[in-house]
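Please consult the sequence and the structure shown below while reading.

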Amino acid sequence: HRILSLSIGGSLAVLAGTFPLVLYYFNVFSPVGVLANVVAIPAFDMALFLSFFSLPFSGIPLLGGLLTGISSLAVKTGLFWIERLARYRLGYWFFVKPGLRQLLGYYALLVALIALGPGRFPKKKWIVGGALCLFFLTGISMLKTDPAEGFRLTVLATGRDPVTHIRFSNGENWLVNTGRNFPSDQGERIVLPYLRKRGIKSLQGIILTDFYKKHTGGMFSILRNIPVREIVVPEGRAFPDEWIPFREKIRRLRDGSRIGCGRETMMFFTDKGKATVSIETGGRKIVFLFGRSPEFVESGKEHNGGIYITPYMREKPPVFFKGPLPTWILPGGEPAALEELKKQGGRMLLLPETGALDLSVSAKKFRVFPC
């Protein structure tokens, strides 16, 4: 009973003392750690001491091996327990980074409570009780997700092939492509930290505009770490063998398919295993030009000054405008292609210069600003 009390009490103390810093640097709050330590701390303590005792007895038949075997079993038990709890999705939450004022206020109250504990003075219960309430309220105030509501789109700066996060007005979160996995895993190093920073714990879907590894390489890191309901791919090509474990999530869309997401609508145009994705919101259009569809290459077609997101532009832009000029968001391109794009007019935003970009829709126009 004493060991259990010390284990839970020590875990709660560690949680109270460190969770604001963990939240500040890693955007994660894990209350399940208290439960994990009830088994993990005794198991690892046992393993540590038995491994020390096994050293002087290593030359004795059976005894040294027995101590080492029990130590190994204790380690495996602790790791198994932690792994099982790590799969429990309600055991950890991602929140936005708290402010420095919140951190300073939290630790000032923590120090005050420690200082007030042993002393005797008038109205101690009221003073300590008030400080304790403020302490808990300050801690709870840090557990918040992104306060923005409605439609928002973020283009991440991931080299020549941008990854885009879309949050629709109904609260669904989607990704368009996942980045490469060589020479670095962009799913692990860029996409997941971004999602955690925004307090996003699950995705409705991942849209893959094609099957190239530069767009799909980061998918497996994302699938290992957060729940994804579906993977949307264009029809016309067989998916790779390594995707077989996720085949139940895969959804193939034909040319002209639509998906409604609250007040917005996504439309897919497929051509030779590639997809162009168009999103209509607030009477305006956002187009991901990763594929070539007749819908968007028709010369002289009227457009409404939307947003066009492209990979690195090697050839001249495929769209010509008669109506209001668009905004282009791209990671760069060949000099001749960029020069042709400038001739068409409109606004051109290069991700190496701007960094990641947020895009929202107001009543009258798109608003683009640094992420």
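## Confidence of the model

Over which residues does pLDDT stay under 50, and how many contacts beyond four places in sequence does the model have for them? The stretch is residues 293–303, and the model has 30 such contacts for these residues.

The structure is a predicted model. Across the protein, the mean pLDDT is 85, and 91% of the residues reach 70 or more.

## Aromatic pairs

The count of aromatic pairs comes to ten. One of them joins tyrosine 24 and tyrosine 25 in an edge-to-face arrangement, with 5.1 Å from centre to centre and 85 degrees between the planes. Tyrosine 24 is buried, at a relative accessible area of 17%, whereas tyrosine 25 is exposed, at 58%.

Phenylalanine 211 and tryptophan 243 form a tilted pair, because their planes stand at 40 degrees; their ring centres are 5.3 Å apart. Phenylalanine 211 belongs to the loop between strand 6 (203–207) and helix 7 (213–216), and tryptophan 243 to the loop between strand 7 (228–234) and strand 8 (250–253), so this pair ties together parts 32 residues apart in sequence. Phenylalanine 211 and tryptophan 243 are both buried. Elsewhere, ring pairs connect Phe19, Phe29, Tyr106, Tyr107, Phe135 and Phe136 into a cluster.

## Charges over rings

Lysine 201 places its charged end over the ring of tryptophan 93, at 3.8 Å from the ring centre. In the case of arginine 367, the charged end sits over the ring of phenylalanine 369, and the distance to the centre is 4.3 Å.

## Salt bridges

The model has four salt bridges. Among them is the one between lysine 214 and aspartate 161, whose closest N and O atoms are 3.9 Å apart. Since lysine 214 lies in helix 7 and aspartate 161 in the loop between strand 3 (152–156) and strand 4 (163–167), the pair ties together parts that are 53 residues apart in sequence. Lysine 214 is partly exposed, at 33% relative accessibility, while aspartate 161 is buried, at 13%.

Aspartate 358 and arginine 198 also meet in a salt bridge, at 2.9 Å from N to O. Aspartate 358 is part of strand 16 (residues 357–361) and arginine 198 of the loop between helix 6 (186–197) and strand 6, so parts 160 residues apart in sequence are tied together. Both aspartate 358 and arginine 198 are buried.

A further salt bridge joins glutamate 230 and arginine 251, with the closest N and O atoms 3.1 Å apart. Glutamate 230 lies in strand 7 and arginine 251 in strand 8, so the pair links parts that are 21 residues apart in sequence. Glutamate 230 is buried, at 11%, and arginine 251 is partly exposed, at 32%.

How values were computed. Residues numbered from 1 in each chain as written. Predicted model: local features only at pLDDT ≥ 70, side-chain atom pairs only at ≥ 80, totals over all residues. Heavy atoms only, no water. pLDDT = per-residue confidence, 0-100. Contact = heavy atoms within 4.5 Å. Phe/Tyr/Trp six-rings, centres within 6.5 Å; stacked < 30°, edge-to-face > 60°. Buried < 20%, exposed > 50% of the residue type's maximum accessible area, 1.4 Å probe, protein only. Helix = DSSP H or I, 4+ residues; strand = E, 2+ residues; numbered from the N terminus. Lys NZ or Arg CZ within 6 Å of the ring centre and 35° of its normal. Salt bridge = Lys/Arg side-chain N within 4 Å of Asp/Glu carboxyl O.
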